[in-house]
Amino acid sequence: MIDSHAHLTMKQYRKDLHAVIKRAREDGVTAMINVGFDVASSKAGVHLAGVHEDIYAAVGVHPHDARNLTADLLEDLEDLADDPKVVAIGEIGLDFYRNLSPRRSQERAFRWQIDLGRRKGLPIVVHDREAHRRTLEILKDEKVSSGVLHCFSGDVNLARQATDMGLYISFAGPITYNGKNTREILKRVPLDRVLVETDCPYLTPVPFRGKRNEPAYVRLVLAKIAGILSRPVDEIAYLTETNTRTLFNIPPGD
Ligand code: NI
């Protein structure tokens, strides 16, 4: 199994990152994708991926920080994207829930980084919170065909349109909460389009909700998905791992 979206460079892991990584390996996590949210965290992620064979990096500026994305910083991202362990541009997108950056700068940063992914031949990791319609419009307008809608919170229609475009849908801890909606969506998404993630340190799955999240807990997301679909956990783990390797072009593990 692979945790397709983790933030291991955050201060929550400053004291015990190695123990966290070790626990993930012991629990059967074969790879982790560390996702950047600004230039500093992207740089730190590339460094971490350089140290650990089973950690890969996505580099990008989150919509919260979009207002700070200058042409100079975009060049820094561009250089980082050339590192061999970088497998995606992300996380990028729109957040109309918190609106920490003005919408116009969010959209500009989103399009700039979609273009960066296209130029580098890398998929994108999309953050969409309460911005479903606009996110889809931009993805279509930019003719995006390679990427994932991470921690999916949209409806069946968005899931269908995204998968029709060739995108993947990723599920995280919230599927273990009382997310009836998310379960219905999961049942309708083709299994060859599903990824799993923790988005740690946030969104900790049940029964650890409220505590710090970590990549080892991706097994709880997988178990929940397997339960909803009435399929063996091993099968869902194998399928989602294969999907993740396909999307991010990660060679098969052991
Ligand atoms: Ni995230």
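This is a predicted model: local features need pLDDT of at least 70, side-chain atom pairs count only at pLDDT 80 or more; totals for chains, interfaces and linings use all residues.
Q: How many strands are in the open sheet, and in what order?
A: The sheet has 8 strands, ordered E1-E2-E3-E4-E5-E6-E7-E8, with parallel pairing. Strands are DSSP runs of E, at least two residues, and helices are runs of H or I, at least four, numbered from the N terminus. Two strands pair if DSSP finds at least two bridges between them.

Q: Which strands stand at the edges?
A: Strand E1 (2-6) and strand E8 (194-196) do. Each has a single partner strand, so one side of each has no neighbour in the sheet.

Q: What is the average twist from one strand to the next?
A: It averages 30 degrees. Axes are lines fitted to C-alpha atoms, for helices over the stretch in contact, and angles run from 0 to 180 degrees between N-to-C directions.

Q: Switching to the metal, which residues are the protein donors of the nickel ion?
A: His-5 (NE2), His-7 (NE2), Glu-91 (OE) and Asp-199 (OD), lying 2.2 Å from the nickel ion. Donors are N, O and S atoms within 2.8 Å of the metal (3.2 Å for Na, K and Ca); water is not among the atoms, so sites may look incomplete.

Q: Where do His-5 and Glu-91 lie?
A: His-5 is in strand E1 and Glu-91 in strand E4, so the pair ties together parts 86 residues apart in sequence.

Q: Is His-5 buried or exposed?
A: Buried, at 1% relative accessibility. Glu-91 is buried too, at 3%. Buried means under 20% relative accessible area, exposed over 50%, partly exposed in between (1.4 Å probe, protein chains only).

Q: Now cysteines. How many disulfides are there?
A: The count is 0. A disulfide here is a pair of cysteine sulfur atoms within 2.5 Å.

Q: Why is Cys-151 too far for a bond?
A: Because its sulfur is 12 Å from the closest cysteine sulfur, in Cys-200.

Q: And is Cys-200 buried or exposed?
A: Cys-200 is buried, with a relative accessible area of 0%. Cys-151 is buried as well, at 17%.

Notes
Residues are numbered from 1 along each chain as its sequence is written. Side-chain values use heavy atoms; hydrogens and water are left out.
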